[in-house]
2 protein chains.
Amino acid sequence: MTESSRKSAYGDAEARRRMTLDAAAELLDEGGYAALTIRSVAQRSGTSTGLIYQYFADKQEIFIALLGESQTESAAFVEALPRDRGVAALIASVIPQTARQWVRVGRLIATWRTVEGDARYERESVAEVRETTRLYNEALRSALIEAASKEGRCLRDDPALLPFVLSGLMGISDTLVNNWPTDVDPSDLIDFAAEAITRGITAPDTAGQPGPATA
Amino acid sequence: MTESSRKSAYGDAEARRRMTLDAAAELLDEGGYAALTIRSVAQRSGTSTGLIYQYFADKQEIFIALLGESQTESAAFVEALPRDRGVAALIASVIPQTARQWVRVGRLIATWRTVEGDARYERESVAEVRETTRLYNEALRSALIEAASKEGRCLRDDPALLPFVLSGLMGISDTLVNNWPTDVDPSDLIDFAAEAITRGITAPDTAGQPGPATA
DNA sequence: ACCTGAACACCGTTCAAGT
DNA sequence: ACCTGAACACCGTTCAAGT
(Lines give C-alpha, C1' and ligand atoms only; values in the text may rest on other atoms or scores of the structure.)
Protein backbone atom coordinates (compact mmCIF):
# COMPACT_ATOMS: atom_id res chain seq x y z
CA MET A 1 0.00 0.00 0.00
CA THR A 2 1.44 3.31 -1.16
CA GLU A 3 1.60 6.47 0.89
CA SER A 4 -0.76 8.30 -1.45
CA SER A 5 -3.60 5.79 -1.18
CA ARG A 6 -3.59 5.92 2.63
CA LYS A 7 -7.07 6.37 3.98
CA SER A 8 -8.25 7.08 7.48
CA ALA A 9 -10.80 4.92 9.23
CA TYR A 10 -13.38 7.60 8.33
CA GLY A 11 -12.53 8.78 4.90
CA ASP A 12 -9.90 9.69 2.37
CA ALA A 13 -8.52 13.17 2.83
CA GLU A 14 -8.05 13.71 -0.89
CA ALA A 15 -11.55 12.50 -1.68
CA ARG A 16 -12.97 14.72 1.01
CA ARG A 17 -11.21 17.74 -0.47
CA ARG A 18 -12.57 16.83 -3.88
CA MET A 19 -16.12 16.47 -2.58
CA THR A 20 -15.87 19.81 -0.82
CA LEU A 21 -14.71 21.52 -4.01
CA ASP A 22 -17.37 19.82 -6.12
CA ALA A 23 -20.09 20.84 -3.70
CA ALA A 24 -18.79 24.41 -3.67
CA ALA A 25 -18.71 24.58 -7.47
CA GLU A 26 -22.25 23.21 -7.70
CA LEU A 27 -23.59 25.71 -5.20
CA LEU A 28 -21.85 28.51 -7.04
CA ASP A 29 -23.34 27.45 -10.36
CA GLU A 30 -26.81 27.00 -8.90
CA GLY A 31 -27.27 29.97 -6.64
CA GLY A 32 -24.30 32.26 -7.14
CA TYR A 33 -22.00 33.60 -4.52
CA ALA A 34 -24.79 34.11 -2.00
CA ALA A 35 -25.57 30.39 -1.98
CA LEU A 36 -22.01 29.44 -1.17
CA THR A 37 -21.94 29.14 2.62
CA ILE A 38 -19.76 26.84 4.65
CA ARG A 39 -22.85 25.29 6.18
CA SER A 40 -24.37 24.47 2.80
CA VAL A 41 -21.08 23.11 1.46
CA ALA A 42 -20.80 20.90 4.52
CA GLN A 43 -24.35 19.66 4.13
CA ARG A 44 -23.99 18.93 0.42
CA SER A 45 -20.64 17.20 0.72
CA GLY A 46 -21.88 15.20 3.70
CA THR A 47 -19.50 16.49 6.34
CA SER A 48 -19.58 19.08 9.07
CA THR A 49 -18.49 22.69 9.10
CA GLY A 50 -15.67 21.83 11.45
CA LEU A 51 -14.21 19.19 9.16
CA ILE A 52 -14.06 21.53 6.18
CA TYR A 53 -11.66 23.64 8.19
CA GLN A 54 -9.34 20.68 8.43
CA TYR A 55 -8.85 20.70 4.66
CA PHE A 56 -9.17 24.41 3.96
CA ALA A 57 -7.78 27.12 6.20
CA ASP A 58 -10.79 29.31 5.44
CA LYS A 59 -13.46 30.04 2.85
CA GLN A 60 -11.02 31.98 0.66
CA GLU A 61 -8.94 28.86 0.35
CA ILE A 62 -11.87 27.09 -1.31
CA PHE A 63 -12.14 29.95 -3.82
CA ILE A 64 -8.45 29.82 -4.52
CA ALA A 65 -8.55 26.09 -5.20
CA LEU A 66 -11.53 26.56 -7.54
CA LEU A 67 -9.77 29.42 -9.28
CA GLY A 68 -6.66 27.31 -9.86
CA GLU A 69 -8.67 24.46 -11.33
CA SER A 70 -10.55 26.85 -13.55
CA GLN A 71 -7.33 28.31 -14.89
CA THR A 72 -5.81 24.92 -15.55
CA GLU A 73 -8.93 23.93 -17.44
CA SER A 74 -8.84 27.12 -19.49
CA ALA A 75 -5.17 26.61 -20.30
CA ALA A 76 -5.94 23.13 -21.66
CA PHE A 77 -8.82 24.58 -23.67
CA VAL A 78 -6.57 27.20 -25.24
CA GLU A 79 -3.83 24.69 -26.00
CA ALA A 80 -6.32 22.48 -27.85
CA LEU A 81 -7.64 25.31 -30.01
CA PRO A 82 -6.85 25.19 -33.75
CA ARG A 83 -4.35 27.81 -34.92
CA ASP A 84 -5.16 27.79 -38.59
CA ARG A 85 -8.22 30.01 -38.63
CA GLY A 86 -6.50 33.25 -37.70
CA VAL A 87 -6.15 35.44 -34.64
CA ALA A 88 -9.70 36.81 -34.62
CA ALA A 89 -11.25 33.32 -34.77
CA LEU A 90 -8.98 32.19 -31.97
CA ILE A 91 -10.02 35.10 -29.76
CA ALA A 92 -13.66 34.56 -30.65
CA SER A 93 -13.31 30.99 -29.34
CA VAL A 94 -11.58 32.06 -26.16
CA ILE A 95 -14.21 34.64 -25.19
CA PRO A 96 -17.07 32.19 -24.45
CA GLN A 97 -14.72 29.94 -22.50
CA THR A 98 -13.53 32.91 -20.46
CA ALA A 99 -17.11 33.97 -19.88
CA ARG A 100 -18.06 30.46 -18.75
CA GLN A 101 -15.26 30.45 -16.20
CA TRP A 102 -16.11 34.01 -15.27
CA VAL A 103 -19.57 33.04 -14.10
CA ARG A 104 -18.16 30.70 -11.54
CA VAL A 105 -14.88 32.20 -10.59
CA GLY A 106 -14.81 35.79 -11.81
CA ARG A 107 -16.83 37.08 -8.94
CA LEU A 108 -14.38 35.42 -6.63
CA ILE A 109 -11.50 37.22 -8.26
CA ALA A 110 -13.41 40.45 -8.03
CA THR A 111 -14.34 39.86 -4.42
CA TRP A 112 -10.91 38.65 -3.44
CA ARG A 113 -9.12 41.87 -2.61
CA THR A 114 -12.35 43.38 -1.55
CA VAL A 115 -13.00 40.72 1.02
CA GLU A 116 -9.41 40.50 2.11
CA GLY A 117 -8.75 44.17 2.40
CA ASP A 118 -5.03 44.64 1.84
CA ALA A 119 -4.05 41.47 3.65
CA ARG A 120 -0.49 40.56 2.75
CA TYR A 121 -1.29 37.39 1.01
CA GLU A 122 1.57 35.02 1.14
CA ARG A 123 -0.16 31.72 1.52
CA GLU A 124 1.19 28.81 -0.41
CA SER A 125 -2.07 28.39 -2.29
CA VAL A 126 -1.78 31.91 -3.68
CA ALA A 127 1.66 31.13 -5.04
CA GLU A 128 0.15 28.07 -6.71
CA VAL A 129 -2.57 30.14 -8.33
CA ARG A 130 0.04 32.57 -9.56
CA GLU A 131 1.73 29.64 -11.25
CA THR A 132 -1.46 28.37 -12.92
CA THR A 133 -2.13 31.95 -14.02
CA ARG A 134 1.32 32.10 -15.57
CA LEU A 135 0.70 28.81 -17.39
CA TYR A 136 -2.62 30.05 -18.74
CA ASN A 137 -1.08 33.33 -19.85
CA GLU A 138 1.72 31.52 -21.66
CA ALA A 139 -0.74 29.18 -23.35
CA LEU A 140 -2.70 32.16 -24.61
CA ARG A 141 0.41 34.00 -25.73
CA SER A 142 1.64 31.00 -27.76
CA ALA A 143 -1.77 30.46 -29.29
CA LEU A 144 -1.94 34.09 -30.41
CA ILE A 145 1.56 34.07 -31.88
CA GLU A 146 0.97 30.82 -33.72
CA ALA A 147 -2.41 31.89 -35.05
CA ALA A 148 -0.89 35.15 -36.29
CA SER A 149 2.00 33.45 -38.02
CA LYS A 150 -0.33 30.98 -39.78
CA GLU A 151 -2.09 34.04 -41.18
CA GLY A 152 1.19 35.56 -42.29
CA ARG A 153 0.83 38.32 -39.73
CA CYS A 154 2.78 39.50 -36.70
CA LEU A 155 1.77 40.55 -33.22
CA ARG A 156 2.98 43.91 -32.03
CA ASP A 157 6.07 43.68 -29.90
CA ASP A 158 4.99 45.24 -26.63
CA PRO A 159 5.04 43.84 -23.07
CA ALA A 160 1.60 45.36 -22.51
CA LEU A 161 0.06 43.25 -25.28
CA LEU A 162 -0.83 40.22 -23.19
CA PRO A 163 -2.16 42.20 -20.20
CA PHE A 164 -4.28 44.14 -22.68
CA VAL A 165 -5.74 40.98 -24.19
CA LEU A 166 -6.39 39.45 -20.77
CA SER A 167 -8.05 42.65 -19.56
CA GLY A 168 -10.17 42.75 -22.68
CA LEU A 169 -11.28 39.14 -22.28
CA MET A 170 -12.19 39.86 -18.69
CA GLY A 171 -14.15 42.98 -19.52
CA ILE A 172 -16.05 41.33 -22.36
CA SER A 173 -16.77 38.29 -20.20
CA ASP A 174 -18.13 40.46 -17.45
CA THR A 175 -20.33 42.29 -19.93
CA LEU A 176 -21.59 39.02 -21.39
CA VAL A 177 -22.24 37.39 -18.04
CA ASN A 178 -24.04 40.40 -16.58
CA ASN A 179 -25.43 41.40 -19.96
CA TRP A 180 -25.02 45.11 -19.37
CA PRO A 181 -25.92 46.19 -22.87
CA THR A 182 -29.42 44.98 -23.52
CA ASP A 183 -29.62 45.99 -27.17
CA VAL A 184 -26.70 44.09 -28.69
CA ASP A 185 -26.70 40.41 -29.53
CA PRO A 186 -24.05 38.58 -27.48
CA SER A 187 -22.58 36.83 -30.50
CA ASP A 188 -22.30 40.17 -32.32
CA LEU A 189 -20.39 41.58 -29.38
CA ILE A 190 -18.11 38.55 -29.34
CA ASP A 191 -17.36 38.88 -33.05
CA PHE A 192 -16.80 42.62 -32.94
CA ALA A 193 -14.59 42.33 -29.85
CA ALA A 194 -12.54 39.51 -31.37
CA GLU A 195 -11.90 41.53 -34.50
CA ALA A 196 -11.29 44.77 -32.65
CA ILE A 197 -8.79 43.15 -30.29
CA THR A 198 -7.09 41.56 -33.29
CA ARG A 199 -6.78 44.93 -35.04
CA GLY A 200 -5.44 46.28 -31.76
CA ILE A 201 -2.66 43.76 -31.29
CA THR A 202 -1.50 42.85 -34.80
CA ALA A 203 1.23 44.77 -36.57
CA PRO A 204 0.20 46.46 -39.83
CA ASP A 205 0.62 44.27 -42.92
CA THR A 206 3.61 45.25 -44.98
CA ALA A 207 1.83 44.03 -48.12
CA GLY A 208 -1.87 44.19 -48.92
CA GLN A 209 -2.60 40.45 -48.98
CA PRO A 210 -1.27 37.83 -46.61
CA GLY A 211 1.37 35.68 -48.31
CA PRO A 212 5.04 35.98 -49.21
CA ALA A 213 6.49 39.49 -48.94
CA THR A 214 6.73 42.15 -51.70
CA ALA A 215 3.58 43.01 -53.58
CA MET B 1 -40.56 78.49 3.39
CA THR B 2 -40.54 76.21 0.37
CA GLU B 3 -41.48 72.57 0.38
CA SER B 4 -37.96 71.51 -0.45
CA SER B 5 -36.34 73.24 2.53
CA ARG B 6 -38.68 71.59 5.02
CA LYS B 7 -36.80 70.16 7.93
CA SER B 8 -37.96 67.95 10.71
CA ALA B 9 -37.42 68.85 14.35
CA TYR B 10 -34.48 66.43 14.30
CA GLY B 11 -32.84 66.82 10.98
CA ASP B 12 -33.15 67.37 7.31
CA ALA B 13 -33.95 64.22 5.39
CA GLU B 14 -31.92 65.26 2.37
CA ALA B 15 -28.92 66.18 4.50
CA ARG B 16 -29.18 62.90 6.33
CA ARG B 17 -29.17 61.01 3.04
CA ARG B 18 -26.12 62.97 1.95
CA MET B 19 -24.25 62.26 5.17
CA THR B 20 -25.04 58.58 4.88
CA LEU B 21 -23.70 58.44 1.34
CA ASP B 22 -20.59 60.45 2.25
CA ALA B 23 -19.86 58.17 5.17
CA ALA B 24 -20.36 55.12 2.98
CA ALA B 25 -18.01 56.47 0.30
CA GLU B 26 -15.35 57.29 2.88
CA LEU B 27 -15.52 53.83 4.42
CA LEU B 28 -15.29 52.27 0.98
CA ASP B 29 -12.23 54.32 0.10
CA GLU B 30 -10.54 53.67 3.42
CA GLY B 31 -11.18 50.03 4.06
CA GLY B 32 -12.79 48.57 0.97
CA TYR B 33 -15.99 46.64 0.79
CA ALA B 34 -15.35 44.78 4.03
CA ALA B 35 -15.31 48.05 5.99
CA LEU B 36 -18.71 49.09 4.70
CA THR B 37 -21.15 47.86 7.31
CA ILE B 38 -24.42 49.48 8.23
CA ARG B 39 -23.24 49.81 11.81
CA SER B 40 -20.09 51.67 10.79
CA VAL B 41 -21.97 53.91 8.36
CA ALA B 42 -24.43 54.75 11.14
CA GLN B 43 -21.63 55.50 13.58
CA ARG B 44 -19.71 57.69 11.14
CA SER B 45 -22.73 59.63 9.95
CA GLY B 46 -23.93 60.08 13.52
CA THR B 47 -27.20 58.21 13.29
CA SER B 48 -28.45 54.77 14.17
CA THR B 49 -28.78 51.64 12.09
CA GLY B 50 -32.53 51.92 12.25
CA LEU B 51 -32.62 55.42 10.86
CA ILE B 52 -30.54 54.51 7.82
CA TYR B 53 -33.32 52.14 6.84
CA GLN B 54 -35.68 55.07 6.73
CA TYR B 55 -33.72 56.61 3.87
CA PHE B 56 -32.49 53.48 2.13
CA ALA B 57 -34.54 50.34 1.72
CA ASP B 58 -31.44 48.21 2.21
CA LYS B 59 -27.66 48.20 1.85
CA GLN B 60 -27.88 47.65 -1.93
CA GLU B 61 -29.75 50.92 -2.21
CA ILE B 62 -26.73 52.75 -0.80
CA PHE B 63 -24.53 51.13 -3.45
CA ILE B 64 -26.95 52.03 -6.17
CA ALA B 65 -27.00 55.67 -5.10
CA LEU B 66 -23.19 55.74 -5.00
CA LEU B 67 -23.04 54.11 -8.41
CA GLY B 68 -25.38 56.69 -9.91
CA GLU B 69 -23.34 59.58 -8.52
CA SER B 70 -20.17 58.01 -9.78
CA GLN B 71 -21.60 57.68 -13.27
CA THR B 72 -22.86 61.24 -13.33
CA GLU B 73 -19.43 62.45 -12.27
CA SER B 74 -17.77 60.37 -14.97
CA ALA B 75 -20.15 61.70 -17.60
CA ALA B 76 -19.23 65.28 -16.66
CA PHE B 77 -15.56 64.34 -16.81
CA VAL B 78 -15.92 62.91 -20.30
CA GLU B 79 -17.93 65.89 -21.53
CA ALA B 80 -15.19 68.26 -20.37
CA LEU B 81 -12.41 66.35 -22.13
CA PRO B 82 -10.72 68.05 -25.11
CA ARG B 83 -11.54 66.51 -28.49
CA ASP B 84 -8.64 67.86 -30.47
CA ARG B 85 -5.94 65.42 -29.46
CA GLY B 86 -7.35 62.37 -31.16
CA VAL B 87 -9.21 59.21 -30.18
CA ALA B 88 -6.29 57.45 -28.51
CA ALA B 89 -5.51 60.46 -26.28
CA LEU B 90 -9.18 60.69 -25.34
CA ILE B 91 -9.31 57.04 -24.34
CA ALA B 92 -6.02 57.34 -22.47
CA SER B 93 -7.63 60.11 -20.40
CA VAL B 94 -10.79 58.13 -19.74
CA ILE B 95 -8.98 55.03 -18.46
CA PRO B 96 -7.59 56.55 -15.23
CA GLN B 97 -10.95 58.16 -14.49
CA THR B 98 -12.70 54.82 -14.99
CA ALA B 99 -10.14 53.12 -12.79
CA ARG B 100 -10.62 55.70 -10.06
CA GLN B 101 -14.37 55.13 -10.06
CA TRP B 102 -13.76 51.41 -10.33
CA VAL B 103 -11.97 51.31 -7.00
CA ARG B 104 -14.99 52.63 -5.22
CA VAL B 105 -17.87 51.37 -7.23
CA GLY B 106 -16.64 48.61 -9.51
CA ARG B 107 -16.66 46.02 -6.81
CA LEU B 108 -20.21 46.95 -6.09
CA ILE B 109 -21.19 46.38 -9.68
CA ALA B 110 -19.37 43.08 -9.63
CA THR B 111 -20.98 42.06 -6.38
CA TRP B 112 -24.42 43.25 -7.35
CA ARG B 113 -25.83 40.25 -9.19
CA THR B 114 -23.79 38.02 -7.04
CA VAL B 115 -25.30 39.33 -3.87
CA GLU B 116 -28.76 39.60 -5.29
CA GLY B 117 -28.94 36.24 -6.92
CA ASP B 118 -31.32 36.60 -9.83
CA ALA B 119 -33.70 38.90 -8.01
CA ARG B 120 -35.97 40.58 -10.51
CA TYR B 121 -34.76 44.03 -9.92
CA GLU B 122 -37.40 46.55 -10.63
CA ARG B 123 -36.78 49.12 -8.00
CA GLU B 124 -37.06 52.72 -9.00
CA SER B 125 -33.45 53.38 -8.05
CA VAL B 126 -32.29 50.77 -10.55
CA ALA B 127 -34.21 52.51 -13.31
CA GLU B 128 -32.47 55.74 -12.30
CA VAL B 129 -29.06 54.11 -12.51
CA ARG B 130 -29.94 52.76 -15.93
CA GLU B 131 -30.64 56.35 -16.95
CA THR B 132 -27.33 57.70 -15.60
CA THR B 133 -25.60 54.80 -17.34
CA ARG B 134 -27.27 55.77 -20.58
CA LEU B 135 -26.17 59.38 -20.15
CA TYR B 136 -22.59 58.32 -19.48
CA ASN B 137 -22.60 56.01 -22.48
CA GLU B 138 -23.90 58.77 -24.73
CA ALA B 139 -21.30 61.23 -23.42
CA LEU B 140 -18.58 58.73 -24.24
CA ARG B 141 -20.01 57.96 -27.66
CA SER B 142 -20.14 61.67 -28.60
CA ALA B 143 -16.64 62.26 -27.31
CA LEU B 144 -15.28 59.38 -29.40
CA ILE B 145 -17.08 60.49 -32.54
CA GLU B 146 -15.94 64.10 -32.16
CA ALA B 147 -12.35 63.15 -31.38
CA ALA B 148 -12.29 60.90 -34.44
CA SER B 149 -13.69 63.56 -36.74
CA LYS B 150 -11.16 66.15 -35.51
CA GLU B 151 -8.50 63.67 -36.56
CA GLY B 152 -10.12 63.21 -39.93
CA ARG B 153 -11.02 59.65 -39.09
CA CYS B 154 -14.23 57.66 -38.72
CA LEU B 155 -15.45 55.18 -36.15
CA ARG B 156 -16.65 51.83 -37.42
CA ASP B 157 -20.37 51.65 -37.80
CA ASP B 158 -21.34 48.77 -35.52
CA PRO B 159 -23.79 48.66 -32.59
CA ALA B 160 -21.27 46.56 -30.67
CA LEU B 161 -18.68 49.34 -30.76
CA LEU B 162 -19.72 51.14 -27.59
CA PRO B 163 -20.26 47.96 -25.53
CA PHE B 164 -16.81 46.87 -26.67
CA VAL B 165 -15.20 50.13 -25.54
CA LEU B 166 -17.05 50.06 -22.22
CA SER B 167 -16.04 46.44 -21.63
CA GLY B 168 -12.47 47.28 -22.47
CA LEU B 169 -12.38 50.22 -20.09
CA MET B 170 -13.82 48.03 -17.38
CA GLY B 171 -11.33 45.24 -17.96
CA ILE B 172 -8.34 47.57 -18.05
CA SER B 173 -9.56 49.37 -14.94
CA ASP B 174 -9.89 46.12 -13.08
CA THR B 175 -6.40 45.11 -14.12
CA LEU B 176 -5.00 48.47 -13.03
CA VAL B 177 -6.82 48.52 -9.73
CA ASN B 178 -5.89 44.97 -8.81
CA ASN B 179 -2.59 45.18 -10.66
CA TRP B 180 -2.73 41.65 -11.97
CA PRO B 181 0.28 41.94 -14.21
CA THR B 182 3.22 42.79 -11.99
CA ASP B 183 5.78 43.28 -14.72
CA VAL B 184 4.20 46.02 -16.82
CA ASP B 185 4.20 49.70 -15.95
CA PRO B 186 0.60 50.93 -15.47
CA SER B 187 1.09 53.92 -17.75
CA ASP B 188 2.50 51.65 -20.46
CA LEU B 189 -0.60 49.48 -20.21
CA ILE B 190 -2.82 52.56 -20.41
CA ASP B 191 -1.05 53.84 -23.52
CA PHE B 192 -1.02 50.50 -25.26
CA ALA B 193 -4.67 49.85 -24.42
CA ALA B 194 -5.73 53.30 -25.61
CA GLU B 195 -3.99 52.81 -28.93
CA ALA B 196 -5.13 49.22 -29.34
CA ILE B 197 -8.75 50.12 -28.65
CA THR B 198 -8.43 53.00 -31.10
CA ARG B 199 -7.11 50.67 -33.81
CA GLY B 200 -9.97 48.35 -32.94
CA ILE B 201 -12.76 50.86 -33.38
CA THR B 202 -11.63 53.24 -36.11
CA ALA B 203 -12.35 52.60 -39.76
CA PRO B 204 -9.31 52.21 -41.99
CA ASP B 205 -8.03 55.46 -43.51
CA THR B 206 -8.95 55.88 -47.14
CA ALA B 207 -5.84 58.01 -47.70
CA GLY B 208 -2.43 57.70 -46.05
CA GLN B 209 -2.44 61.00 -44.14
CA PRO B 210 -5.31 62.62 -42.26
CA GLY B 211 -6.64 65.63 -44.10
CA PRO B 212 -8.94 66.35 -47.06
CA ALA B 213 -9.78 63.34 -49.21
CA THR B 214 -7.95 62.18 -52.40
CA ALA B 215 -4.20 61.63 -52.15
C1' DA C 1 -7.73 9.54 16.13
C1' DC C 2 -11.20 11.59 13.80
C1' DC C 3 -15.51 14.12 13.62
C1' DT C 4 -19.45 16.99 15.22
C1' DG C 5 -22.18 20.88 16.17
C1' DA C 6 -23.02 24.31 19.94
C1' DA C 7 -20.90 28.60 20.83
C1' DC C 8 -18.72 33.07 19.58
C1' DA C 9 -18.33 37.38 17.32
C1' DC C 10 -19.83 39.29 13.68
C1' DC C 11 -23.41 40.73 9.73
C1' DG C 12 -28.08 43.00 7.61
C1' DT C 13 -32.52 44.07 9.07
C1' DT C 14 -36.66 44.96 12.09
C1' DC C 15 -39.60 46.91 15.46
C1' DA C 16 -40.92 47.61 20.41
C1' DA C 17 -39.70 51.04 23.32
C1' DG C 18 -38.12 55.52 24.37
C1' DT C 19 -38.00 60.81 23.79
C1' DA D 1 -43.39 62.28 15.26
C1' DC D 2 -38.97 60.87 15.08
C1' DC D 3 -35.18 58.07 16.69
C1' DT D 4 -32.70 54.24 19.08
C1' DG D 5 -30.62 49.94 19.90
C1' DA D 6 -31.81 45.22 21.61
C1' DA D 7 -33.33 41.28 19.20
C1' DC D 8 -33.59 38.05 15.24
C1' DA D 9 -31.83 35.11 11.76
C1' DC D 10 -28.12 34.62 9.49
C1' DC D 11 -22.74 34.32 8.48
C1' DG D 12 -17.48 32.41 9.06
C1' DT D 13 -14.82 30.20 12.37
C1' DT D 14 -13.40 27.57 16.64
C1' DC D 15 -12.94 24.03 19.96
C1' DA D 16 -14.91 21.25 23.85
C1' DA D 17 -17.17 17.16 23.71
C1' DG D 18 -18.39 12.93 21.66
C1' DT D 19 -17.39 8.37 19.14
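Predicted model: local features only at pLDDT ≥ 70, side-chain atom pairs only at ≥ 80, totals over all residues.
In which helix of chain B is the place of B:Gln97?

View 1. B:Gln97 is placed in helix H5 of chain B, which covers residues 87–116, and with a relative accessible area of 5% B:Gln97 is buried. Its side chain makes a polar contact of 3.2 Å with the side chain of B:Ser74, while a further polar contact, of 2.8 Å, joins the side chains of B:Gln97 and B:Arg100.

**View 2. The salt bridge between A:Glu146 and A:Arg83.** The side chains of A:Glu146 and A:Arg83 meet at 2.8 Å, N to O. The pair links distant parts of the chain, 63 residues apart, with A:Glu146 in helix H6 (residues 124–150) of chain A and A:Arg83 in the loop between helix H4 (59–80) and helix H5 (87–116) of chain A. A:Glu146 is partly exposed at 38% relative accessibility, whereas A:Arg83 is buried at 13%.

**View 3. The salt bridge between B:Glu30 and B:Arg44.** The closest N and O atoms of B:Glu30 and B:Arg44 are 2.9 Å apart. Because B:Glu30 lies in helix H1 (residues 13–31) of chain B and B:Arg44 in helix H2 (residues 38–45) of chain B, the pair ties together parts that are 14 residues apart in sequence. B:Glu30 is exposed, with a relative accessible area of 54%, and B:Arg44 is partly exposed, with 37%.

**View 4. A negative surface patch with residues from chains A and B.** The patch is formed by A:Asp185, A:Asp188, A:Asp191, A:Glu195, B:Asp157 and B:Asp158. Among them, B:Asp157 is found in the loop between helix H6 (124–150) and helix H7 (161–177) of chain B, and B:Asp157 is exposed, with a relative accessible area of 81%.

Note on methods: Residues numbered from 1 in each chain as written. Chains lettered and ligands numbered in written order. Heavy atoms only, no water. Patch = residues over 30% accessible without salt bridge, like charges linked within 9 Å, V, L, I, M, F, W, Y side chains within 5 Å. Areas by Shrake-Rupley, 256 points an atom, 1.4 Å probe, with all protein chains shown as cover. Salt bridge = Lys/Arg side-chain N within 4 Å of Asp/Glu carboxyl O. Lys, Arg positive; Asp, Glu negative; His and termini not counted. Charge placed at Lys NZ, Arg CZ, Asp CG, Glu CD. Helix = DSSP H or I, 4+ residues; strand = E, 2+ residues; numbered from the N terminus. Buried < 20%, exposed > 50% of the residue type's maximum accessible area, 1.4 Å probe, protein only. Polar contact = N/O pair within 3.5 Å; in protein donor to acceptor, adjacent residues only side chain to side chain.
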